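Dear colleague,

Please find the structure below for your files. My notes on it follow.

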Amino acid sequence: MIITRSWKRTALSLAAIGALAGALGAQAPALPAAPKNAPQDSGALRVQVQGTLTDAQKNDAGLEALTKSVASELRCPVCQGLSIQDSPSELSQQMRTVVKEQLAAGKSQQEVKDYFISKYGEWILLEPQAHGFNLLIYALPVFLVLGGAVFVVFIVKRWTAAPATAGASVPTADDTE
Amino acid sequence: MNWRRASIAAAAAAPIIGLFAWGLTRDPNNIPSPLPGRAAPSFALAVFSPGQGGLMRPAGDTVRLADLKGKVVVLNFWASWCLACRDEHAALSQVAATYEGQPVQFLGVLYNDVPDKGRAWIAEMGGQSYPSVDDPGARVAIDYGLYGVPETFFLDGNGRVAFKNTGPVTPGMVRLKVDSLMAVAALQASAAQPAPAPRAPAKDRAGGPEKTGGAK
């Protein structure tokens, strides 16, 4: 009875740490990727647009990919949480056409997005831009995960303090305290 | 000890509860448009329904925003498949008729619909006093940041968006907005005529419509 309690505690704390590590692992690549990728992509793709525009006829596949990329970031105004790329609605199709035409006319991805922001506001972006108050959305999960990790370490240390000093070979010691 | 824990838990929960409470005070359908206060997107659209009496514009005529300078423009996006458009149609049509001969242009813009169906709808609704234009590909609708229909934009005499209304309009609201924009235009016109050199007060008045728009 006494032994099972101590095992329970250890298992519980291990599970908590495991879950946290899992969460960290899942968050770590996703979080920096969002702000980092955005400028990188637009820069690289802008060069592509300008490049394909010079050989005007060849740009179909590239233009399609660019359109897809921009359209995936724009919210469908008549749907719930869908991008205009994923939405089958008529307005989304028309907006995709506008995106494609503007890209073909030589606008950069950011300029096309800015056009839609100027019409619909920042709401039109599925992913909020990382500046000002919006930074909170990106920073808060990191802080929460780090804070949680510190908290778990602190708690586990407190739980395991007694057996550590008494010696690991006597697991029943802490339960008799 | 228990009290301490309870107060820590309460302190941690308070901001989250506060956030949710604040969220309840907001209408998720009410997305503010960035357009009011800015220059209205230009358009050139063909009339498919001419309107009646003095407000008539021949079908096939192209209506350009640039040609409407100096007029208050009421731009009403609608569709024959739109149920809420039925609610506002009679009111809008009647109010528009009362402004005949004044520097006001009411204009219906057909959104994602076929002109034939639009014409049939107008006939079914007992006519429309003002002309309606077709917007192929919803280009102008997207330019105006349209979410759905009906949406009505009120443009001032300087070609700027003064107000936007989402959903059906009421006669009182249309009159109030059109009258206030006409009053501002008249003030600007009277200020511009006697004064040989443009001065600062004219600039102040130009900011008028946006201020009233923000208060609405």
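Is A:E90 buried, exposed or partly exposed? A:E90 is partly exposed because 13 other C-beta atoms lie within 10 Å; a residue is buried with 20 or more such atoms within 10 Å of its own C-beta, exposed with 12 or fewer, and partly exposed in between, the C-beta atoms being placed from the backbone.

This is a predicted model, in which local features need pLDDT of at least 70 and side-chain atom pairs count only at pLDDT 80 or more, while totals for chains, interfaces and linings use all residues. Residues are numbered from 1 along each chain as its sequence is written, and chains are lettered from A and ligands numbered from 1 in the order in which they are written.

A:E90 belongs to helix α3 of chain A, residues 90-104 (helices are DSSP runs of H or I of at least four residues, strands are runs of E of at least two, and both are numbered from the N terminus). Between A:E90 and A:V78 the C-alpha distance is 9.5 Å, at a separation of 12 residues in sequence.

Chain A places 13 residues in contact with 12 residues of chain B (contact: C-beta atoms, placed from the backbone, within 7 Å). On the chain A side, α3 and α4 (109-120) are the elements that give two or more residues, and α3(A) supplies the largest share, 6 residues.

Beyond its neighbours within four places in sequence, B:L155 is in contact with several residues, among them B:A40, B:V72 and B:R160.

With kind regards

Note on methods: Two residues are in contact if their C-beta atoms, placed from the backbone, lie within 7 Å.
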